[in-house]
Amino acid sequence: MDTNLRREIIVDNAENPFHRGLANKDGYIKANTHNESCIDNIDLYVKFQDGKIIDAYFEGEACAITTSATSIMIRKIIGKTKEEAISLMREYYNMIEENSYDEAYLGELNAYSNIAKQPSRKKCATLPFQTLEKTIKISEIENIN
Amino acid sequence: MNRDDFLMLNNDYIYFDNGATTFKPNSVVNKVVDYYTKYTANSHRGDYDLSQKVDYLYEETRDKVKDFINASSSKEIIFTSGTTMSLNMIVFGFMKYYLQKGDEILITKAEHASNVLPWLELEKEIGIVVKYIPLKDLKVDLETVKNCITEKTKVISLAYITNVIGDIRPIKEIAKLIHENNGLIVVDGAQSVPHIKTNVIEDDIDFLAFSAHKMLGPTGTGVLYGKYIYLDKMKPIFYGGGMNSRFESTKEIEYKTLPLRLEAGTQNIAGVLGLSASIDYLNSIGMNKIHEHELELKNYLLEKLKSIDNITVYNKNTDSGIVVFNIDNIFSEDTSRYLNHYHIFVRAGNHCTKMVKDELGIKNTCRISFYLYNTKEEIDKLIEVLKNNKDLYEIIL
């Protein structure tokens with residue numbers, strides 16, 4: 001991805017994130033992830049129904065990388081089944097770890113394809129998906145589909 | 001003050017994170033190296049020349065610390081690993097036995113984790129009650145303190161200067177209030193002892209904790225000061241070599257007197273000797289001069305920052321060399337990464353003061369903390385970079 005486009009995607013999503021702030025949290029599963037080595041702190045709220053993610057929001061304070069990645073992730077997971085969301089996460093992690101991955105499937109998430117060059121930022125870029133994984137696990141444990 | 005005294009300043013760095021740690025002058029580094037290359041020996045252990053020399057230098061440092069904070073006796077000076085260890089010794093070696101269930105402790109939400117968590121643990125352990133003095137304009141106000149003190153209040157534990165807001169607390173007056181209530185005052189001096197003149201007698205401080213590395217000295221070394229009557233009642237947290245005078249198989253045990261009773265095991269001798277050199281360095285400049293210099297830098301920075309629209313400063317009205325700010329709508333960590341690109345080092349985050357958000361109304365900030373070697377020219381460079389902050393994302397992304 002071209003550097004300018006990459007930057008534009010990240011800045012747009014950091015400055016005007018999608019689904020930040022949720023007034024009525026009823027029916028949402030909440031998970032938190034904070035970065036122990038820095039100060040990123042994200043609460044993710046996900047609503048599951050019939051095995052699908054039907055809605056998601058986030059709250060919290062984080063750097064531009066974490067905030068934008070959370071915003072893009074939320075946009076992409078709404079409407080997906082849990083399995084689809086997990087495979088999106090796997091592809092994303094493959095990209096972050098510089099393994100082969102499905103570029104087309106990741107769409108705007110390709111903006112983080114060069115994050116491996118800044119190892120200290122990997123945690124920032126993966127924080128939203130770590131949190132998503134937690135909500136999916138909670139939904140399994142609590143048998144919420 | 002000569003910037004050539006600091007090898008770290010030969011690098012192209014602008015170091016504004018002195019609240020976290022400070023650079024070391026060559027005299028401190030040399031003192032540590034000399035211990036390891038010219039007179040390595042343990043202290044208080046041997047009768048040979050090297051050991052005697054180390055003993056002399058080690059105890060000479062204790063005397064220097066005593067004079068530096070104006071304590072009554074060198075027996076009131078205990079070497080520790082730093083402020084955190086000192087505060088933990090006060091809480092778990094003294095307060096645990098001095099306090100009773102239901103006794104109240106006053107702190108604030110602006111205290112460093114090391115002056116919060118030990119108290120909260122003791123609360124769980126023995127049932128003391130930790131209460132927060134509300135801040136007024138981010139400061140500790142005497143009237144408010146008066147209103148918080150009840151007949152159950154036994155201790156007030158405060159930083160002399162806070163590490164985020166940077167306000168200087170009226171410790172002398174607060175000490176008077178708590179003493180009138182038959183309580184004690186504990187002072188976290190981590191951010192004050194390196195920057196302003198400390199006088200434990202004049203302020204009537206019962207316990208004081210501070211670290212060497214924030215005052216030009218080595219890491220891993222700190223000081224616990226306590227009035228002799230209280231310190232003598234402190235139970236050691238560590239038992240072993242160096243702190244006992246005899247023990248028998250019959251289990252008769254006798255411990256040493258102060259200060260050695262509270263310094264079990266081989267101490268950080270190199271660190272203590274380095275602290276000695278750092279005190280010499282600070283004394284050669286003068287603590288009042290250091291404080292004046294930092295205030296001048298702070299006022300200079302605040303004046304210059306007025307020319308940049310999108311910067312919010314949170315602590316304009318405090319009298320120390322600490323400035324906390326944010327670029328509007330930019331996360332503090334992104335700002336510090338941006339400044340890092342220009343080799344300007346500031347701290348981003350909550351600065352180990354996770355409750356201050358309740359008072360400041362904001363969780364994360366960038367903190368600039370000055371020291372004696374910082375200059376107006378460095379501030380000019382910072383301002384130039386901050387003025388161009390519209391380029392921030394181009395630099396960090």
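This is a predicted model: local features need pLDDT of at least 70, side-chain atom pairs count only at pLDDT 80 or more; totals for chains, interfaces and linings use all residues.

Student: Which element gives the largest share of the side of chain A that touches chain B?

Tutor: Start with the contact itself, which takes 10 residues from chain A and 12 residues from chain B. The chain A side divides into 7 nonpolar, no polar and 3 charged residues. Its largest share, 4 residues, comes from helix α1 (residues 3-15) of chain A.

Student: Staying in chain A, are α3(A) and α5(A) roughly parallel or antiparallel to each other?

Tutor: Helix α3 (residues 82-96) and helix α5 (residues 122-141) of chain A pack with their axes 11 Å apart, at an angle of about 160°. Angles over 145 degrees count as roughly antiparallel. So α3(A) and α5(A) are roughly antiparallel.

Student: What is the split by class in the contact of α3(A) with α5(A)?

Tutor: On the α3(A) side you'll find, among others, Ile86(A), Met89(A) and Tyr93(A), and they meet a set in α5(A) including Phe129(A), Leu132(A) and Ile136(A). Lys82(A) in α3(A) and Glu133(A) in α5(A) are also among the residues that meet. By class, the contact has 10 nonpolar, 1 polar and 3 charged residues.

Student: Over to chain B: is the crossing of α1(B) and α9(B) left-handed or right-handed?

Tutor: Helix α1 (residues 26-37) and helix α9 (residues 269-285) of chain B have axes 8 Å apart and pack at about 150°, so they are roughly antiparallel. For α1(B) passing α9(B), the crossing is right-handed.

Student: Which strands stand at the edges of the chain B sheet?

Tutor: The open sheet has 7 strands with mixed pairing, in the order β2-β8-β7-β6-β5-β3-β4. Each edge strand has a single partner, so one side of it is left without a neighbour in the sheet. The strands at the edges are β2 (77-80) and β4 (129-132) of chain B.

Student: Which residue does Phe79(B) stand opposite?

Tutor: Look along β2(B), which is joined by 4 bridges to strand β8 (residues 222-226) of chain B. The two run antiparallel. In β8(B), the residue opposite Phe79(B) is Val223(B).

Student: And at about what angle does helix α2 of chain B run to β2(B)?

Tutor: Helix α2 (residues 49-69) of chain B lies across β2, β7 (207-211) and β8 of chain B. Taken against β2(B), the helix runs at about 115°.

Definitions and conventions
Residues are numbered from 1 along each chain as its sequence is written. Chains are lettered from A and ligands numbered from 1 in the order in which they are written. Two residues are in contact if their C-beta atoms, placed from the backbone, lie within 7 Å. Ala, Val, Leu, Ile, Met, Phe, Trp, Tyr, Cys and Pro count as nonpolar, Asp, Glu, Lys and Arg as charged, and the others, Gly among them, as polar. Axes are lines fitted to C-alpha atoms, for helices over the stretch in contact, and angles run from 0 to 180 degrees between N-to-C directions. Angles under 35 degrees count as roughly parallel, over 145 as roughly antiparallel, 65 to 115 as roughly perpendicular and the rest as oblique. A crossing is left-handed if the near helix is turned anticlockwise from the far one by less than a right angle, and right-handed if clockwise. Two strands pair if DSSP finds at least two bridges between them.
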